[in-house]
Amino acid sequence: MSVDAFDPLIHAPHRLQICAILDTVDKVEFAFLRDQLGVSESVLSKQVKALEDAGYVKVSKGTREGRVRTWASFTKAGRTAYRGHVAALRAIVG
C-alpha cells in the first residue's frame, strides 16, 4: 500500500482515536467517546464535526432512558479512509 492514503484529517490524535473506536462498532454513544478520550464534550464535538464535515462520520440522535442521546457512526467513506490511513501508516513505519 502506498502512503498516498495518508489522511491528515484523520491523523490528528483525537480524531485518530475516534476513528479507531468507530472501526470496531456499528455506532457509539458520545458519552462513551468522551470518556475514552478523556476530553470535554465541546472538544469531542469539534473533532467529530470535522469528521462529519468530511463525510467520514454520521451523527444521529435518539431517545434512550427518557434522555436525548447522540451517537456517531462511520460512513462507508469514513471506514475506507480510516483503513487506508492505517495502511499508509504501516507502509511508513515498515
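In strand 3, the bridge partner of Thr-63 is Val-68, where strands, like helices, are DSSP runs numbered from the N terminus (strands E, at least two residues; helices H or I, at least four). This is a predicted model, in which local features need pLDDT of at least 70 and side-chain atom pairs count only at pLDDT 80 or more, while totals for chains, interfaces and linings use all residues. Residues are numbered from 1 along each chain as its sequence is written, and side-chain values use heavy atoms, with hydrogens and water left out.

- The strands form an open sheet of 3 strands in the order 1-3-2, with antiparallel pairing, two strands being paired if DSSP finds at least two bridges between them.
- Strand 1 (28-29) and strand 2 (57-64) stand at the edges with a single partner strand each, so one side of each is left without a neighbour in the sheet.
- Strand 2 and strand 3 pair in the antiparallel sense over 8 bridges, and in their hairpin, which has 2 residues between the strands, Glu-65 takes a positive phi near 55°.
- Strand 1 pairs with strand 3 (residues 67-74) in the antiparallel sense over 2 bridges, and Val-28 stands opposite Ala-72 in strand 3.

**The chain as a whole**

- The chain has 5 helices and 3 strands, and from the N terminus on its elements run α-α-β-α-α-β-β-α.
- The radius of gyration of the chain is 14 Å, close to the 12 Å that the globule rule gives for 94 residues, so the chain is as compact as a globular protein of that length; the radius is taken over C-alpha atoms, and the rule is 2.2 Å times the number of residues to the power 0.38.
- Taken along the principal axes, the C-alpha atoms of the chain fill a box of roughly 50 × 25 × 20 Å.
- Among contacts (heavy atoms within 4.5 Å) between residues at least 6 apart in sequence, 56% join residues at least 24 apart.

- Of the 94 residues of the chain, 34% count as buried, where buried means under 20% relative accessible area, exposed over 50%, and partly exposed in between (1.4 Å probe, protein chains only).
- Lys-49, which lies in helix 4 (residues 41-53), is partly exposed, with a relative accessible area of 44%.
- The C-alpha atoms of Lys-49 and Val-59, which are 10 residues apart along the chain, are separated by 8.7 Å.
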